[in-house]
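Trainee: I'm new to this structure and would like a guided tour. Please start with the places where chains meet.

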Amino acid sequence: MHTNAATTEHNPALRHHFADMTQQKNSASLGMWLFLVTEIMFFGGMFCAYLIYRLAYFNDFGAASTSLSLKLGTINTIVLLLSSLTVVLAVNAAQRGKQKLLFFYLIATIVLGCTFLGIKAVEYHDKFVEHHVPGPDFHFVAEHPEGHSEQAPVNQQHAQMFFSLYFVMTGMHAIHMIIGVGLFSGLAYQAWKGRYDRNYNTPVENAGLYWHFVDVVWIYLFPLLYLISRHH
Amino acid sequence: MAGHEHNEHSIGFYVVILFALLALTGLTVGAALVNLHAWNPVVALAIASIKAMLVVLFFMHVKGASEKMTKVVIFSGIFFLLLLLGLTMADYGTRLWT
Amino acid sequence: MWTNFPLWPERASTMAGNVDALYIFLLLICGLMTVLVSTAVIVFAVKYRKRLGHRAHQIEGSLGLEITWSVIPLFAFFTFFAWGAVIYFQERTPPRDSMEVYTVAKQWMWKFEHPEGAREINALHVPTNRNVKVIMTSQDVIHSFFVPAFRIKQDVLPGRYTIAWFRATKPGTYHLFCAEYCGTQHSGMTGDVVVMEPAQYEAWLAGGSTGAPLPVTGQGLFNQLGCSTCHQIDGRGRGPSLAGVFGNKVSLEDGRSVTADENYVRESIISPGTKIVVGYKPIMPTFQGLISDDQLNALVAYVKSISQQQPGQPAGSEATAGTQTKSQQVH
Amino acid sequence: MASVTTIPEQENYLTNGYGIKSWLLTTDHKRIAMLYLASITFFFFIGGIFALLVRLELLTPEGDFLQADTYNKAFTMHGMIMVFFFLIPVVPAVLGNFLVPIMIGAKDLAFPRINLLSWYLYMIGGVLITHCMLTGGVDTGWTFYTPYSTAFTNTKIIEAGLAAFVAGFSSIFTGLNFIVTIHRMRAPGMTWGRLPLFIWSNYATSLVMILGTPVIAITIILVAAERLFHLGIFDPRLGGDPLLFQHLFWFYSHPAVYIMILPSMGVISELITAFSRKRIFGYRFVAFSSIGIAIIGFLVWAHHMFVSGMSLYAALIFSFLTYLVGIPSAIKVFNWTATMYKGSISYTTPMLYAMGFIGLFLIGGLTGLFLACLGVDVHVTDTYFVVAHFHYVMVGSVLMAYLGGMHFWWPKISGRMYPEGWGRLAALLVFVGFNLTFFPQFVLGYLGMPRRYWQYKAEFQVLNIFSTAGATILGVGYVLPLIYFMWSMRYGKPATDNPWSAAGLEWMTSSPPPTFNFDETPVVDFEAYDYEHIKEAEVPVAH
């Protein structure tokens, strides 16, 4: 029953039901992309909610958004972009069969991912201290820059809606980051054992695709949550 | 093997893409601090989309991929996302019409 | 026996006949389709049953047939759509001269308040041949106002108004159902719509222990809550005058303009900062949680009544007048 | 012809390993299909018991059999179990899992371990919903409308939501697996134009699964977050809009109806061709109509919301779009009928189910036009008219197709024939029982009986009695196949490799198939439904 497989070089990573490595690799890649489409739709539900309330509560969202730390948000964006570079370099190293380099880049990615999560935790903590976490203790007072005391008082409910969406969206993103860090830890372990080489590196490529996707989500979250209404 | 004809970019190339992404991040923060009125969100989303495109095309190796299915899959994902947003807005956008 | 086995609902509103006509039309067309296709299936099954020496005749398909049986249904569908849309449009646009009944739904009862101040629970008395607009809101979950004999249904949502209207044609008592599942006693959230001849209706109104008419209650609240200090009729107050506002376009500070309907007035009381009239400062406090749905209804009814007293008042004229003097201060 | 090999009495997928472990750790798509078959059948009968409770309560207008609260939980559990644990997985996960690789000449699905994972996810979801059911249940209806579900009920929303969430991932993985398999694993010569229509319809289903399911997943998370953390995204008291929940919910749950019906349509295409001994009429149109339904199916969701307080203009748009989805469905029905024309039709059990399907799907589909029609929908929505409509589509049609398919492929699955006489009797009972149960509900709906009513007005009683009586017959019709299928596993006549002389790769391997489906990878040099070239050998002629 392995007639087709026998004709090609037999790779130990080739699973019995595939004819050859090309078919196996292409299947895995297509599967991963399809999975990313489900992720697009998953985040899509939240973007949909965001869009509707952003338009309905335009000014209150703007006011609430300014309380987020632009500095931390920007730093986190940079950290995440850097991690994308280390991921793509890891994939590159795997494809060229450079196992030590692969391990190094995987560890670098994990460190950057944890940095992102750490900064995020600081931001969450700040919000908690400021009573910006939705719930009975929620309280939001807009900071009025001088000369703007005529601003409408911020509607507490609408501001709370902003923070609800903020926590749900960044929270879901953070959960994806945590899963990503877990995945990369597994990859690093396998890479340490020399599991990936020139011919077999699909897990690295697919985990890389996942990481980049999570990065792309943040690329949209950053302006939508941090950058609205920063001008005065 | 199929995966080999593409993504043979050098490390330097990836670093260039990273710098482009960082520059765009700076640009989007800068643009947000300037009052462009209704254009603020448009500019922010346009820059985000350029960044996303850079990541997808070069980091995720969609440009030059041998697989044409990948592009089909991405476009269908975006299409159905826009469908969700667009048709929902068909309700919310017209609620106040009389 | 037949009282226990009806096959067609009673027809007691002007809308019922329209809906029935369309329904019967659909029944005929779709029934015809069903009969045609089922007959074809049965005839083919019998005529081409397996027999010795008989072989199936292979047919690849036919583009002409495919186009035919795609295009003909498509046209039928467009007819259904267009006819249905016309009726729906009527159902969703209450005539301007309607008598207005404010309705509050809650788990698991209906409360109605007539413009003259009569209040009812789980029963709604209405006269024949008069347009009745039901302005509804819910205190808790989603309910749905459904009167089968009138062929109308409208979900009742918490936090905003939804509107249904009808014109009853036949005196009698008809079922009122809650049609959107709303919890344990959902099936108990029923009531009666009692349709009476106008004279009898007037008698019923007079006989009941009615409170003050709704707009009067609303006016009392308007003064009591201090609304009148800012929203002075002559427009000299710190807030825009509310006379002549209802039913007209209002220009907002952010450049948009909205029609002042029930939901706009409601939102302006609950969440005043969301839509600021152009030229005014966002200084009004919210009344969220401070007034009940019944009081809100009364206020809305009052705001509406002071618009109807002054027909011909240009839309948002006070607001426009205020623009020159006050707009500089905002932004 | 293909390089076909049949193996006389030798190792097959059933004899390849015995014992619990050989089943619970299997990656063989056929064995996983059997795991699904067992678990889905279990949940079908659990859901059926709840249906029975509901029908018994409705025998009288007074609420005298169950408490109001119990009744509400009964119809909720009925809906949840039937939708998430029966209708959505039934045809793809059982028949699809078994047949998709065989029909395209592959050794297995592309990701066998993910396939097993999807069964485990299904089971975890199943355990959760069972636990939820045993410890109090849910009373919101399977639609979970907010704010009732988020702020008012005190039943186990989060656990039930989690069950649906996990089961949703099971169906995402099934869909993903099918798409990759159909793209990547086809045997040499198996071009897209030669695929059996069952494959096309499963492909279309998989598209809906991977595009729609994630949206319900996030919606469930938002509902849970709202209950746990005081978020107000759907809560009007906190500035949220309950209609947003309905939009997100129906964005998945309307296309989910196509997840249920599309694979069934694929089954019908196989049955009608096999027992008319004809190539399908208009192959391309039937194939592309599946894709058409899957895509247009995403444009119509808000037709569930015409009286919800949604914008008037949106209602017009969605009504119009809804009519468009009727066209591909109509094309299918016409093509099936035309396929019978000048055929050589035998009245086997599967064919009886197929013909019954056409009848029930006609009624189910055409009443959909009533609900798409704005003016009529206002009156009939949220009444028993809707209940009847979706049961005609989701129960009538889907179950007819599933049972037809089970009878058709049972010889392949088990290697045994089922008793034909009993099969026909059961088919008849199901058809009659079904119509008696649900046809009166159309009348009830137009009369104005709202759905989800525990007690009702006395004038609705006679029709409700018809309905309950029909449900009893229907119940018998469903239990019969369960009994004789189990009986036939031991006592049934051994099946030949191709007992129906049917076309398709699955009939070119042994019954039951060997573990890797084919001894040699088949090479396909024939079109689908090539009945011109298939000899009718020992076809069981109707007697």
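This is a predicted model: local features need pLDDT of at least 70, side-chain atom pairs count only at pLDDT 80 or more; totals for chains, interfaces and linings use all residues.

**Where the chains meet**

Trainee: How many residues of chain D are in contact with the 72 residues of chain C?
Mentor: For bookkeeping, residues are numbered from 1 along each chain as its sequence is written, while chains are lettered from A and ligands numbered from 1 in the order in which they are written. Two residues are in contact if their C-beta atoms, placed from the backbone, lie within 7 Å. On that basis, the 72 residues of chain C meet a set in chain D numbering 79.

Trainee: Which element gives the most to the side of chain C that touches chain D?
Mentor: Elements here are DSSP runs numbered from the N terminus: helices (H or I, at least four residues) and strands (E, at least two). Those giving two or more residues to this side are helix H1 (14–47), helix H2 (63–92), E6, E7 and strand E9 (172–178) of chain C. With 15 residues, the one that gives the most is H2(C).

Trainee: And how many residues of that side of chain C are charged?
Mentor: The classes work like this: Ala, Val, Leu, Ile, Met, Phe, Trp, Tyr, Cys and Pro are nonpolar, Asp, Glu, Lys and Arg are charged, and the others, Gly among them, are polar. The side facing chain D has 39 nonpolar and 21 polar residues, and its charged ones come to 12.

Trainee: Let's zoom in on C:Ala85. Is it buried, partly exposed or exposed?
Mentor: C:Ala85 belongs to helix H2 of chain C, and it touches D:Leu316, D:Ser319 and D:Leu374, leaving aside residues up to four places away in sequence. A residue is buried if 20 or more other C-beta atoms lie within 10 Å of its own, exposed if 12 or fewer, and partly exposed in between, with C-beta atoms placed from the backbone. C:Ala85 has 18 other C-beta atoms within 10 Å, so the label is partly exposed.

Trainee: What about chain A, then: which helix brings the largest share of its side touching chain D?
Mentor: That contact takes 32 residues from chain A and 35 residues from chain D. Helix H1 (3–7), helix H2 (21–56) and helix H6 (156–192) of chain A each supply at least two residues of the chain A side. By class, this side has 15 nonpolar, 16 polar and one charged residues. The largest share, 18 residues, comes from H2(A).

**The sheet in chain C**

Trainee: Which strands stand at the edges of the sheet, and why does each have one side without a neighbour?
Mentor: Five strands of chain C form an open sheet with mixed pairing, in the order E4-E10-E9-E6-E7. Two strands pair if DSSP finds at least two bridges between them. Each edge strand has a single partner, so one side is left without a neighbour in the sheet; the edge strands are E4 (123–127) and E7 (152–156).

Trainee: In which sense do E4(C) and E10(C) pair, parallel or antiparallel?
Mentor: Strands of a sheet pair through backbone hydrogen bonds, and both senses can occur. E6 (residues 143–147) and E7 of chain C pair in the antiparallel sense over five bridges, and there C:His143 stands opposite C:Val156. In E10(C), C:Met196 is the bridge partner of C:Pro127. E4(C) and E10(C) have five bridges, and their sense is parallel.

Trainee: How many of the five residues of E4(C) are buried?
Mentor: E4(C) is largely enclosed by the rest of the structure. The reason lies in its count of buried residues, which is four.

**A look at chain B**

Trainee: How far apart are the C-alpha centres of the two domains of chain B?
Mentor: Chain B has three helices and zero strands. It is divided into domain 1 (9–64) and domain 2 (65–98), with bounds from an automatic or database domain assignment. Four residues of domain 1 are in contact with four residues of domain 2. The distance between the C-alpha centres of these domains is 21 Å.

Trainee: Over which residues of chain B is the pLDDT below 50?
Mentor: The mean pLDDT of chain B is 87, and 90% of its residues reach 70 or more. The stretch below 50 has 14 contacts in the model beyond near neighbours in sequence, and it covers residues 1–6.

Conventions:
pLDDT is the predictor's confidence in each residue, from 0 to 100.
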